[in-house]
Amino acid sequence: METKVIVDTMWVLITAFLVFFMNLGFAAVESGFARAKNCVNIMSKNFVVFAASSLGFLFLGWGLMFGDGTWLVGLKGLFFVGGADNSPAVGEAYKGVYSAISWTGVPLWAKFFFQLVFCGTAATIVSGAVAERIKYIAFIIFTFVMAMFIYPVVGHWVWGGGWLAKMGMFDFAGSTVVHSIGGWAALAGVIMLGPRIGKYDNGHIKAIPGHNLSLATLGTFVLWFGWFGFNPGSTMAADPNAIAHVAVTTNTAAAAAIMSATIVSWLLLGKPDLGMTLNGCLAGLVAITAPCAFVSVGSSLVIGLIAGVLVVLAVMMFDRLRLDDPVGALSVHLVNGVFGTICVGLFAQDKITGTATGNGLFYGGGFKLLGAQLAAVISVAVFVFVAALATWAILKAVIGIRVSREEELRGLDIGEHGNEAYAGFQVFTTE
Amino acid sequence: METKVIVDTMWVLITAFLVFFMNLGFAAVESGFARAKNCVNIMSKNFVVFAASSLGFLFLGWGLMFGDGTWLVGLKGLFFVGGADNSPAVGEAYKGVYSAISWTGVPLWAKFFFQLVFCGTAATIVSGAVAERIKYIAFIIFTFVMAMFIYPVVGHWVWGGGWLAKMGMFDFAGSTVVHSIGGWAALAGVIMLGPRIGKYDNGHIKAIPGHNLSLATLGTFVLWFGWFGFNPGSTMAADPNAIAHVAVTTNTAAAAAIMSATIVSWLLLGKPDLGMTLNGCLAGLVAITAPCAFVSVGSSLVIGLIAGVLVVLAVMMFDRLRLDDPVGALSVHLVNGVFGTICVGLFAQDKITGTATGNGLFYGGGFKLLGAQLAAVISVAVFVFVAALATWAILKAVIGIRVSREEELRGLDIGEHGNEAYAGFQVFTTE
Amino acid sequence: METKVIVDTMWVLITAFLVFFMNLGFAAVESGFARAKNCVNIMSKNFVVFAASSLGFLFLGWGLMFGDGTWLVGLKGLFFVGGADNSPAVGEAYKGVYSAISWTGVPLWAKFFFQLVFCGTAATIVSGAVAERIKYIAFIIFTFVMAMFIYPVVGHWVWGGGWLAKMGMFDFAGSTVVHSIGGWAALAGVIMLGPRIGKYDNGHIKAIPGHNLSLATLGTFVLWFGWFGFNPGSTMAADPNAIAHVAVTTNTAAAAAIMSATIVSWLLLGKPDLGMTLNGCLAGLVAITAPCAFVSVGSSLVIGLIAGVLVVLAVMMFDRLRLDDPVGALSVHLVNGVFGTICVGLFAQDKITGTATGNGLFYGGGFKLLGAQLAAVISVAVFVFVAALATWAILKAVIGIRVSREEELRGLDIGEHGNEAYAGFQVFTTE
């Protein structure tokens, strides 16, 4: 076997393992920011979501996303990754039905596994926003819809050779494909569910503190760690200059966003709120995800600084809009997913790692690249929001999506699972 | 240095690090499923077990397992990995006393380290089943016996060129060598110790809920993550097709087992029990461990689905048998270790990754391979169970293996360690 | 791109990711050993410390450490990693201003990122020793001073071509550069801050138990795991023999130290204290960090055994000296950082992995190497301790470094951050 195939496969798999590990991070962040009485439910959701994504993406998602087809969806090799394929052959030597991803010279199952962990991430983003009131069964079914339809369709547009790819839109590691998709689907869920009981009573915004900020912090560390798989791994090849550059832009954006979010929350709230610091980190990471390979380290610093400010303002805005998002998923993934996608159109430079994106607005490229990015932002918003809203609406009509008032007050753990998370501890569950 | 040696060594070490990390997963799962009052003891056991395994396997275990010798045990280069060896030479070029593992072209210490983390895993499996009542010193001594004798002897049979290897038995990553060994040794411990106080009083089975299901969930995520080292790493070479294939079969079995265990527990218990979901995941992973490189992705789906059902039924069965296993280690590692070993004889196909196992029963291979697998199941059961039972019996006679009734009621943390795990929290320790 | 550059870059980045992950470990260990009322503050410190280090090392630290310059500091390419550089060229082919690190053939950003995670580790060591009483803002500013001045200056001496390097001093992975630096800076902080309220009242030493020993244990596992990046990664090249050897010496020292610390605490305290077991592990890891590539596996066993004893005695000694270090950071990082540095002068053998260190005292090398090691120990002690003391003194005079008595009693979480870590739980916060 050719050496390049070996090292590329190692890189793709190892970074995919790191991205897989982000599931733990999401579970820890979400449960840490939620109340103890809903912890079993949250852990269950975050655990099952990757299993459901794995099966859904295997059965249909992969084929819809990467199968040769139209500008809209894949049509060949749809089911069970079953199409013709002679990977790891690349370029003209490639013979098969998954042409759009034939640029990376690794075995088919390596491609599948790497793409699967990304699909799982998009699905798990929804979990946090709908926490503490969603029915378990409704969430599981929604996850299958995400992994089998919503995610792969948009994925086809951007990474599967569809119309946005053809238009010259670039999303290196998924600010749009993963984070915006997750964010728009989450927004639809938040609207359909309504806020948690007590959150906006009598015109006041009530802070509902998380039960374990240690857990939330550890979870954010895990996500930061996993992002070193997410972004550098998206090269899908062990290209030394690219992977080293992406590791540094990723980390620099996170560091800058941590600082700016901490300072802004200190100024606006009077104290450096830990939740804002953590969400600042995630905001920086989400924002740099699309542009990480196309922008300089200096630009990544600027992008991170802005992302950290955006997330604090967004958290406040969503509360004013009475959109109850227990973990700040909308502020992190939706707002900064959109912001990061636009950043490509502003900060990209052809010279960075050799991908010919064209220069962004700030580097003399005019509005061409920026226009493609904005087209993606708008079209993904419309498609995902509508598709998700429809899915939630159908689920609401057929099986219901929200637990009963009594169950919500007592906690979903007993009601949905018959378990409690912290047996033996004195936990106050009322309210 | 030849490129192949470099990439293979990187692969072996990185995957070994992931397997090492599973120690954290086991610690989290076991303590999460146990009560707060025994948490320091459980953490201590899970922490020291890898230290003891490291020293025991270094002193003697490695030599007994991989030293050239008889059909039963290794005899050459027994102590301190001290035999002649010219690794990374392979095949005919290899000159040394560890011939059985000379097929992998990596330095001797890389081989040792990879095998060590597997040995440590087998030893740590015992920990969960004997939790909440075992004396700390007894567990430490038992661990040395596992790492220096019981594990290496069976390991020699299967992976060290012993009689099962010669018979044509295959265990790719250790459903038998790691999980069944751990499981049988655990069963012996459970029998010798008896159930926890109150577990089966007055003919009732009393559920003793774990003190932290968040922790148990995170631990299971870590184990799932670590399994991507465990199974794909067992190639001990960066073979692109094999490692990609194994990553996908491993994940698919886990996903399928999560789903089937969740659904079955939902049907049988009325609600989707989180503990069952988590143990379903582990069951799928254990079951696919032996066959992961020999079976198709479709077969891995079937194996996972069955494993998830088996683990739920096994948990109920062991409770009926009054075998008190606080974390479900027997249901996960023993039952599914045996099941996974048998699956090789049923689902294996020569064509999958190039290892000539012969086809399994379902693919026209008849009973030849299945027979060898069953021989392994039975012989390992007899040897490990008897050896472990004898070891526990001697320990019981000489130093005692169970803490006093008073200590068990109050918690092992104060009694064994003089620490408490959660100072400052209100924890209910009685019962 | 040359294959060697590819595999070396993969190795450097993947191990750097593991070292990054140690931030989570430090956060978990420190918060686990502290009280619940200070947990948000501790998590905040441990989270922000890496962000601050990232920015400080990017702006100036890297240049001061690796820029060509004098025996004392780097002078070229000081700011924003902005000097001329044609990495991955090595040796004579290298043209640039970062000559001291031109021996490793990876891209500049890979070198930077690997060195950055080490800088972050040194900074985070301080956090534990000053916990439960330090002002958040003072800690953040101190971190910038560490990352931009103190760490890079000593780093230049040892790894940047400065006077200790020229003298023939060797520190493979940073017993001095990372752990002693962190330790001396922590000691200065402990002295300037004074002990926590109640710790040494009325001539008694009061044990202040940690709020979550499960968390502390998981954190130690993470650090152990991360050390497989720290030490084997310090080859900065995928050299099979070296990385396999270092993985085994690292693990063996940890295992031996766990055993000796557990046994010694058992003998001295009557019971096997979990905190001592955990700190034993870390002590062994710190001690083997400098010599891991220069000593045999047998020597690593001896070094670990001694380290485990040292850490228990040191914890007792610091308490007698009324130096209040809530997590044992001085005993682990300072005492064993010094011990490990000296071990190079005692146990090193030229033949181990091919680095011509000269033999240590025990292998016929006389006092030459040992003398250089001792020169490093003393000079680093003087420089770092004085520089850190001066920094703390200035901070104390200008903004204050200790929270008010009321805030300390109530907990820093409310006072500094306006958050509480465990909302909904009954936590006893007084004292």
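Contact here means heavy atoms within 4.5 Å. By that criterion, only 16% of the interface residues of chain A are also interface residues in chain C, so the copies meet through different surfaces. The model is predicted.

**Symmetry of the chains**

- Chain A is superposed on chain C by a rotation of 120 degrees with 0.0 Å of shift along its axis, and the RMSD is 0.0 Å. The two copies are thus related as by a three-fold rotation axis.
- Among the residues of chain A, the one whose C-alpha comes closest to the rotation axis is Gln426(A), at 3.4 Å.

**Interface between chain B and chain A**

- In this interface, 55 residues of chain B are in contact with 56 residues of chain A.
- The size of an interface is often given as the accessible area lost when the parts come together. Between chain B and chain A, the buried area is about 4500 Å². Carbon and sulfur atoms give 82% of that area.
- There are zero salt bridges between chain B and chain A, whereas nine residue pairs are in polar contact, with both residues at pLDDT 80 or more.
- On the side of chain B that touches chain A, the elements giving two or more residues are helices H1 (3-33), H7 (213-233), H8 (240-269), H9 (274-289) and H10 (297-320) of chain B. H8(B) provides the largest share of that side, with 15 residues.

**Helix H6 of chain A**

- Helix H6 of chain A spans residues 175-193 and has 19 residues. From its first C-alpha to its last, H6(A) reaches 25 Å, close to the 27 Å expected at 1.5 Å a residue.
- A residue counts as buried when its relative accessible area is under 20%. Because 18 of the 19 residues of H6(A) are buried, this helix is largely enclosed by the rest of the structure.
- Gly194(A) follows H6(A), and the phi of Gly194(A) is positive, near 80 degrees.

How values were computed:
Residues are numbered from 1 along each chain as its sequence is written. Chains are lettered from A and ligands numbered from 1 in the order in which they are written. This is a predicted model: local features need pLDDT of at least 70, side-chain atom pairs count only at pLDDT 80 or more; totals for chains, interfaces and linings use all residues. Side-chain values use heavy atoms; hydrogens and water are left out. Copies are superposed by least squares on the C-alpha atoms of residues with pLDDT of at least 70 in both. Helices (H or I, at least four residues) and strands (E, at least two) are DSSP runs, numbered from the N terminus. The expected span of a helix is 1.5 Å times one less than its number of residues. Buried means under 20% relative accessible area, exposed over 50%, partly exposed in between (1.4 Å probe, protein chains only). Buried area is the accessible area (1.4 Å probe) that two parts lose on being put together, summed over both. A salt bridge is a side-chain nitrogen of Lys or Arg within 4 Å of a carboxyl oxygen of Asp or Glu. A polar contact is a pair of N or O atoms within 3.5 Å; within protein, one must be able to donate a hydrogen and the other to accept it, and residues adjacent in sequence count only if both atoms are side-chain atoms.
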